[in-house]
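Let's take a friendly walk through a protein together. Have the sequence and the 3D view ready, and look up each place as we come to it.

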Amino acid sequence: MVVALPNPTTQSHTSAYHTAIEQYNRATQNLSIDDNILDYMRYPRREFTVNFPVRRDDGQTEMFTGYRVHHSTVLGPSKGGIRYSTGVTLDEVRALAMWMTWKCALVNIPYGGAKGGVVVDPKTLSQRELENLTRRYASELIPLISPHSDIPAPDMGTNSQVMAWIMDTYSMTVGYSVPAIVTGKPIIIGGSEGRTEATGRGVIITMMEALKQMGQSSRSGTTVAIQGFGNVGSNAASFAYEMGFTIVAVSDVMGGIYNPRGLDIPDLLEHVQATGTVMDFRGSENINNEELLRMKCDVLIPAAMENQITEDNADHVQAQLIVEGANGPTTPEADDILNDRGIFVVPDILANSGGVIVSYFEWVQDLQAFSWDKDEVFRQLQRIIVRAYDETQSNAEKFNVDMRMGAQMTAIQRVADAMKVRGFYP
Ligand code: NAD
């Protein structure tokens, strides 16, 4: 049977994979890379689909579908998160795996790109059902994952507890503890200091680099709006608040809140802990997610999901700087509009790379059975992400392109160079 390859030219305009391929086509236009290598890097290396039963608390079993895609292993073992969401599709996982390849290459850590996901709303499962689902999905992935081939991590809808169950399932299968099989796990079983905060912190470090480049020096005079208040959004908000910026709006899947005088983020975190949402926070006005994207502010941080800034709303964005905490929040059509309007964008593969950078530190610590303190983790994070920012900016200037193209071109060239010396097997 001939299995059709994912055709990068026939993707719908709303698909994340369309965005990933369109960005790849644009970035590679300006690079002189051998056509065979260009074609090779366009496709995911492996795609794995699993359908598996999960026993619910009422004794019934229900079937679930999960995926794991390895886009590239050219620079090292593949690395990427696992997402639990009803919106998960093979196309989405393909796109996210490709972006992981470019992200790891851009920040120059020895990993390829992967991503996984299960089609499920984790909020509809009890804790025991979530554990059953995770352990069964992890056991289905065993032929694909190992500390030297593919290392999962958290993403939307998953967290350190989910990583602990994956680590335990893998360890029980092989017969000994293997902390390096996942990153983003609890510190007590080999997680790294600073991993939880890493992505949000990296977002704010790159935001500060961009503001410096734009000549904006007042922190309290800089207003910030953040879409998504999960791991990335809430940690970005906390670090920006700590750094003295004024966060005027945040949102989650239920909606958002606005206070032009600035939100008290530690109080807001307590409110979310108590109520499960940012909505109805005292002293602020409720808004919806679309209003948040169009709000008057200096910096907009999309930190929820893909395809949020599109050709329908890019004309209405009022921020002068967008820092992409989420993966793929801006479509290529919106990129063109933002560029024409002179809005500066720090692209996802740079802005949210703090997570995979500290995941890399966690893996290194696990392999060496030695742990670093938080200061060391944050110092190394700062060093690596600022180096990647500078390299992106200098390539953007050299090729006269925007920061997204600067980042993608740097990353794609690096993978192509490695592919060239490795050669095609056999
Ligand atoms: P999370 O599940 O912890 O939080 C997601 C947040 O987005 C929640 O507040 C949720 O309510 C909100 N949200 C969901 N759907 C929404 C919608 N339609 N409109 C507005 N808000 C919505 O997830 P996360 O780990 O914070 O990931 C967020 C984004 O950052 C994703 O694109 C993910 O791929 C990316 N990312 C995460 C990490 C990481 O380390 N967790 C690293 C790099 C990139």
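## The whole protein

Of the 426 residues in this protein, 59% are buried. Keep in mind as you look around that this is a predicted model. Its secondary structure comes to 14 helices and 12 strands. The radius of gyration is 21 Å, close to the 22 Å that the globule rule gives for 426 residues, so the protein is as compact as a globular protein of that length.

What box do the C-alpha atoms fill along the principal axes? The box is roughly 55 × 55 × 45 Å.

## Around the ligand

Now turn to the ligand. There are 23 residues around it, and R83, D155, T199, N231 and N327 come nearest. How does this shell divide by class? It has eight nonpolar, 10 polar and five charged residues.

Domain 1 (44–179) and domain 2 (197–351) each give at least three residues to it. Two helices that each supply at least two shell residues are α6 (195–214) and α7 (231–242).

## Contacts with the ligand's oxygen atoms

Zoom in on some atom pairs. R83 uses its side chain: one of its polar side-chain atoms lies 2.9 Å from an oxygen atom of the ligand. With G230 it is the backbone that matters, as a backbone N or O atom of G230 lies 3.2 Å from a ligand oxygen atom. V253 also has a backbone N or O atom to show you, and this atom is 2.9 Å from an oxygen atom of the ligand.

How much of the ligand's accessible area does the protein cover? On its own the ligand has 830 Å² of accessible area, and the protein covers 84% of this.

## Two residues with a positive phi

Next, look at two backbone angles. N108 is not a glycine, although its phi is positive, at about 65°. You can find N108 in the loop between α3 (90–106) and β4 (112–119). Is N108 buried, partly exposed or exposed? Its relative accessibility is 44%, so N108 counts as partly exposed.

A369 is not a glycine either, and its phi is positive at about 50°. Look for A369 in the loop between α12 (354–368) and α13 (374–399). A369 is exposed because its relative accessible area is 72%, and the cut-off for exposed is over 50%.

## A cis peptide bond

Follow the chain to Y425 and P426. The peptide bond from Y425 to P426 is cis, and its omega is near 5°. P426 belongs to the segment after α14 (403–422).

## Inside helix α14

Step back into helix α14 itself, where R404 is one of the residues to look at. R404 is a charged residue by class, yet it counts as buried because its relative accessibility is 3%. Between the C-alpha atoms of R404 and P77 there are 25 Å in space, and the two residues are 327 apart in sequence.

V415 lies in helix α14 too. Its relative accessibility is 2%, so V415 also counts as buried. How far apart are V415 and W102 in sequence and in space? They are 313 residues apart in sequence, and 8.0 Å apart in space from C-alpha to C-alpha.

## Two prolines to compare

Start with P53, which sits in strand β1 (residues 46–55). P53 is partly exposed because its relative accessible area is 31%. Along the chain P53 and L133 are 80 residues apart, while their C-alpha atoms are separated by 8.0 Å.

Then find P347 in the loop between β12 (344–346) and α11 (348–351). With a relative accessible area of 0%, P347 is buried, since buried means under 20%. P347 and Y360 are 13 residues apart along the chain, and 20 Å separates their C-alpha atoms.

How values were computed. Residues are numbered from 1 along each chain as its sequence is written. This is a predicted model: local features need pLDDT of at least 70, side-chain atom pairs count only at pLDDT 80 or more; totals for chains, interfaces and linings use all residues. Side-chain values use heavy atoms; hydrogens and water are left out. A residue is near a molecule or strand if one of its heavy atoms lies within 4 Å of it. A polar contact is a pair of N or O atoms within 3.5 Å; within protein, one must be able to donate a hydrogen and the other to accept it, and residues adjacent in sequence count only if both atoms are side-chain atoms. Accessible areas come from the Shrake-Rupley method with a 1.4 Å probe; for residues, only the protein chains shown count as cover. Helices (H or I, at least four residues) and strands (E, at least two) are DSSP runs, numbered from the N terminus. Domain bounds come from an automatic or database domain assignment. The radius of gyration is taken over C-alpha atoms; the globule rule is 2.2 Å times the number of residues to the power 0.38. Buried means under 20% relative accessible area, exposed over 50%, partly exposed in between (1.4 Å probe, protein chains only).
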